[in-house]
Amino acid sequence: MTKSSPISEDLFEFLDDLNQNNEREWFKANKDRYERCVREPALELIEQLGKPLMRSAPMLRVVAKRSGGSLMRIHRDTRFGKDKTPYKTNVGISLRHDGDGDIHGPGIYIHLACDECFVGAGSWRPAKETLAAIRQSIDADPKAWIKARDQRTFRKSFELAGESLKTSPRDYAKDHPMIKDLRRIDFIAVAPLSRKEVLADDAVKRIVELIRQAKPLMKFMCEAVELPY
């Protein structure tokens with residue numbers, strides 16, 4: 001029997017209210033509601049993802065812990081950004097590679113917010129060494145990259161996203177046939193999820209399906225940095 005989605009409208013209602021009351025005192029007064037409507041359902045979602053991903057993507061860490069696991073903190077790091085509001089107004093779930101626990105390494109990211117929900121795959125702002133290795137793999141075997149990037153099932157749901165350099169990266173000519181991709185500083189792809197899909201009984205199945213569809217990109221990224229996928 002299909003389980004109902006662990007996510008309900010209560011999660012989005014809380015995030016909407018938080019967006020309008022992003023203050024420590026308000027959050028403190030609504031901490032129980034956060035636990036009940038946001039953190040516990042998000043942890044249940046991670047828990048339900050565990051078994052199917054153990055079969056299809058066993059190298060991903062799927063850890064349903066209140067802290068130190070796949071669920072990202074709701075508290076924002078306000079030290080360096082212009083936005084000094086103390087809390088994120090989204091739920092972020094980071095499924096990191098077992099061989100590279102860095103959040104900037106190849107992995108899967110699930111984003112739930114009032115304005116958009118999506119599944120992201122790949123490497124966001126990879127470290128200098130990782131970025132160099134990905135570019136070197138594209139340069140060495142452009143056909144393999146094009147095959148991964150343009151694979152039909154993958155591109156059915158995912159679009160490449162992220163930022164790129166305005167100039168050519170060091171060591172690559174401006175007229176390099178793959179220069180558009182070599183300029184990328186984010187090697188990520190995003191598949192949108194509608195709120196209806198997130199709330200549906202088959203929400204977990206849909207998210208797992210998207211993660212499976214992301215395999216061509218993830219496999220190329222991981223092989224570039226000598227990780228299995």
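Q: Which residues lie nearest the centre of the second largest pocket?
A: Rolling a probe the size of a water molecule over the atoms shows where empty space is left. A pocket is an open set of points on a 1 Å grid over the protein atoms alone, where a 1.4 Å probe fits, with protein on both sides within 12 Å along at least five of seven lines; lining residues have an atom within 4 Å of a point. Here, 19 residues line the second largest pocket, and Ser67, Gly68, Gly69, Leu71 and Met72 lie nearest its centre. Helix α3 gives the most to this lining, with 3 residues. By the way, this is a predicted model: local features need pLDDT of at least 70, side-chain atom pairs count only at pLDDT 80 or more, and totals for chains, interfaces and linings use all residues. Residues are numbered from 1 along each chain as its sequence is written, and side-chain values use heavy atoms, leaving out hydrogens and water.

Q: What is valine 91 in contact with?
A: Contact means heavy atoms within 4.5 Å. Leaving aside neighbours within four places in sequence, valine 91 touches Leu11, Leu15, Val38, Ala42, Leu71, Tyr109, Ile110, His111 and Leu112.

Q: How do I read strand pairing, and where does valine 119 stand?
A: Two strands pair if DSSP finds at least two bridges between them. Strands β2 (residues 107-113) and β3 pair in the antiparallel sense over 6 bridges, and isoleucine 110 stands opposite valine 119 in β3. On to β5 (residues 187-193): 7 bridges join this strand to β3, again antiparallel, and valine 119 stands opposite alanine 191.

Methods
Helices (H or I, at least four residues) and strands (E, at least two) are DSSP runs, numbered from the N terminus.
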